[in-house]
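Visitor: Hi! I'm new to reading protein structures. Could you walk me through this one?

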Amino acid sequence: MSDGPSEGRSRARSADAGSAEAGESERAEVGPLQDEGVLPETGARDEEPDDSFTRAHFRRIRLDATTVPSETPRPRLSSLFSLLEHQRLILIGGRFADKRRLARLCSVEWAELQAERAREEHLEAKLEASAFELTPSTDPKDIVLAVDEVAVPSVFVLADLEPYHINRNLEGLHRAAGERHWIILTTERPDTAWQLPDELGRAWYEPCPEDLYQPGELERYLALRIERLRRQALDDGETLAEAPAIDLRETAERLETPESVERFAREWVTRLTSASPDIDVAELIALASEPSRGVARWFSQWLTPREQLVALGLSLFDQRDEDQGFAALERLMAGPWQHRDASTRFVDYGDLANLRDYLYVEDREDEVGVIAARVPDMRSSMLRAAWPTHRRQILAAVAGLVDLAHESCARRARSLELFGSSELRAQLRGTVATVLSEVGTLSQRAVQQPLLTLVADAHPEARQVAAQATALWRGRGRDSLYFETLELWRTESMHRAFIRHLIVERESGREEDVIGSAVVLALGYGALFDPPSRMHPRLIDLLGAYCASDQGSVIRCLSDSTFPLILPYHFGQLIAYLPEWIQRARADHLPSLTEFLRGLAFGLGLAHRDSPVQVSETLRQWVRLGLDEMPRRVDEAEVGEREKRLAMACLAIGSVRHARRSKSLAGLSPEESCGLLSRVLHRELHPYVRREAMRAVLFLARDHFDEIVDSLHDLAASFKSTERDDLMQVLVRLHCAQRSKQSGGDAWIVVRGYRCPIWYDEEAPPTAIHKTLLVWANSTEALSEFAADTLAEIRRTLENSEEHRRARLREERELAERASEEQRLHAQDAPSLHAVRLTRYQRWMAAVVRLGAGVSSQAVRGNLSALLRLSATEREKLLAKYQKNEQQELAKTLRRALVLCSRPVQLSLAALSILTALLVGLAIYG
């Protein structure tokens, strides 16, 4: 799972953003693309709210058997299987060290068991049951939505989960599993932190070694590993001291897992190879059982200096793509580390040979592998272990990683391995944020300058990295460090002077803009570490102050990231502050105000899934209150508190997201949402409110057209002309989207970013939009006119392009068929065609003989070229023709000429004379 929150929402820049980066979704098992374009600094956008930024991605689990000895004990999973059978969701916690491996093994075997059951019961729909693992990401992802949208029965593993990753919404995750999926979570938090609901009270599972392994199994494995490692050491020429007595049973029981047994055995044999072994069994058990202590000893005593650098570099990219991790390490080796140590050289897979006890590359089926650690929280453990001896190397690595973060934001991709997709760029920035946070806990001074360089970057994504790094300190219990850093950014003169210098140098904006946006982002990410609806008062105060900002980038960060992050998690607490924040929002610049309100609305739309009753009741109340308070005379030039609140409520109604497969009966339905917006459009007179209410209707039409089509029928008739034009464009895009989902077709075209199939000789099947418009065409006069205009727009947008493409396809097909027919006739009638050709030669030569003229070499060469173009089969047919006619002498001459013709040499006089005689003979005997 992620180390903490990262890049906030980057909503689609246009209606066609989903296709802007086609090809980047190949690694994503679940979820659409997101556009990661740079946010403009001013002006509100007209795009629709898009939850793709929160969509979680999963990848198929492939257990790497090559990294685990065959004799390693496999845990018994009967208790976990029983929980999955009855609960469909289990949460593995407690002090057990290797929860992630246990969860992955359980998911794969459970998926295989379900597939076997399906085969026995002949249930074809369940044969595809597979195990998937959440792709590590520092972005806050909507895991509930991603699971809900997967139709194929699957087992999902969510490793190292924090409560805020799912808004503590275990009930929603359980509903998303439904009767199709199974979900296995692992966490380092206690069960009290999760506040398990009653229906999931049995979902908590703390592994116990006595339940997982047969009595004596770990004891036998310990004895086996010690003996094998001893023999290996002796074969390598090592001298071993006499081993002290050890109680294998007690030791194995205290080690608890095969991984701890392996680490203990290796350390035990290593101690025996020293001249004066000092073996403390209790100490070795502690080293093997506590990964962080074991990592420190492994790093300092087992690795060569070069291996230490490789291990340090790769540990920074734990759970990241191997290509990206190696590429980044190569940049460090060739850059910051090379400057400090000229002997630093290229790194390759062979350098991992002595690191496999803790680091290895985990293969992925049909995917790039992943750099993986055998102990949890490897990055943190490695940095703490290396800090005393490799501090300058770590600081140099931090500077190099910050440069990579800058480069990933600037889109100047010089390496596809590092920056080849939006997902890779986001992973890289998340890694930089995590490393900065980890190093900051070791030394605050060491990261202040790198953080300030990110704050002063012209790209918002760079400021997000700085905000993420500071927010992660709250997750490690370092609240004072977090608040102190934010205060330094806001008030410390030296820090602001440094930022001001970088801003001038890079021309990256205004000082207040970049600092304010970085602080606002850090507030949103930091609030995720508070318990639900218990957001720290200092965060609320700072956030309220920035709501009155007139700086475009600050409002943009509030809208794009902070509000969508905090409102779903802290809605119960923040609902009381929303009226005050709306009142503070400045109305002297409508684009910025609209940006602000849409961010609040999108956050409330996301909160509806976790708190449907509270959110829906709040929105109903605001609509009712706004309409009741409407003045008799509307001042169209002024947008007051009533208009702001009502506009935001309308946008929130249109932004509500409904689970597609596990719909909740509570809260707003699409039909009721359309009804509320209809009331506003029928009664409201203020143009600003009407515009935002109309926009909300368009959002609903995009996502829930089938549910609201009847209500939309009545509502569309009352739209103004400009409002009908907006609705028309939504319907056109929906038509393209529905066309793209049709199956079959002889070819395809791309329209509005959608790949639509087309047929050679027939029209495409009608879509639901098309059928609806035909019904509307027979309705009232106003609605009939609207339907006709929309059908005409669809034809202009899609069907004209389709017809042109179809015409070209027909022409191409006719040309191909004509060429195929000519080839068939040529193969079938070759003798007669050659006869025609020879007849032409005969006539030509007969005329030459009759005129008594000589045959020029150019004429002979031309005829020779014609003969050369004949294939071997065609030549044999010519010879057979003349042999059949008993023209043996002519056939012999012809064969000799053809042999000479086939030689790649210049024509000799002999060849010319033979060919001349041949042609004359053809003229005589033809």
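Visitor: Which residue in E3 does Arg-60 stand opposite?

Guide: Arg-60 stands opposite Phe-132 in E3. Before we go on, this is a predicted model, where local features need pLDDT of at least 70 and side-chain atom pairs count only at pLDDT 80 or more, while totals for chains, interfaces and linings use all residues. Residues are numbered from 1 along each chain as its sequence is written, and side-chain values use heavy atoms, with hydrogens and water left out.

Visitor: Thanks! How many bridges join strand E1 to E3?

Guide: Three bridges join E1, residues 58–60, to E3, and these strands run antiparallel. Two strands pair if DSSP finds at least two bridges between them. The labels come from DSSP runs, numbered from the N terminus: helices (H or I) have at least four residues and strands (E) at least two.

Visitor: And do E3 and E4 run parallel or antiparallel?

Guide: E3 and strand E4, residues 154–158, run parallel, and four bridges join them. The bridge partner of Glu-133 in E4 is Val-157.

Visitor: How many residues of E3 are buried?

Guide: Five of the five residues in E3, which spans 130–134, are buried. Buried means under 20% relative accessible area, exposed means over 50%, and partly exposed is in between (1.4 Å probe, protein chains only).

Visitor: What does the side chain of Glu-133 meet in a salt bridge?

Guide: The side chain of Glu-133 meets that of Arg-104, at 3.2 Å from N to O. Glu-133 lies in strand E3 and Arg-104 in helix H2, so the pair ties together parts that are 29 residues apart in sequence. Both Glu-133 and Arg-104 are buried. By the way, a salt bridge is a side-chain nitrogen of Lys or Arg within 4 Å of a carboxyl oxygen of Asp or Glu.

Visitor: How many salt bridges are found in the whole structure?

Guide: A search of the whole structure finds 39 salt bridges. One of them is between the side chains of Arg-95 and Glu-256, at 2.8 Å from N to O. Arg-95 sits in the loop between strand E2 and helix H2, and Glu-256 in the loop between H7 and helix H8, 161 residues apart.

Visitor: Is Arg-95 buried or exposed?

Guide: Arg-95 counts as exposed, at 67% relative accessibility. Glu-256, by contrast, is buried, with a relative accessible area of 17%.

Visitor: Where do Arg-620 and Glu-617 lie?

Guide: Both lie in helix H27, residues 612–628, three residues apart, which is about one turn of the helix. Arg-620 is partly exposed at 21% relative accessible area, and Glu-617 is partly exposed at 40%.

Visitor: New topic: where is Gln-449 found?

Guide: Gln-449 is found in helix H18, residues 444–455. Gln-449 is exposed, with a relative accessible area of 51%. The C-alpha atoms of Gln-449 and Ala-399 are separated by 9.5 Å, and these residues are 50 apart along the chain.
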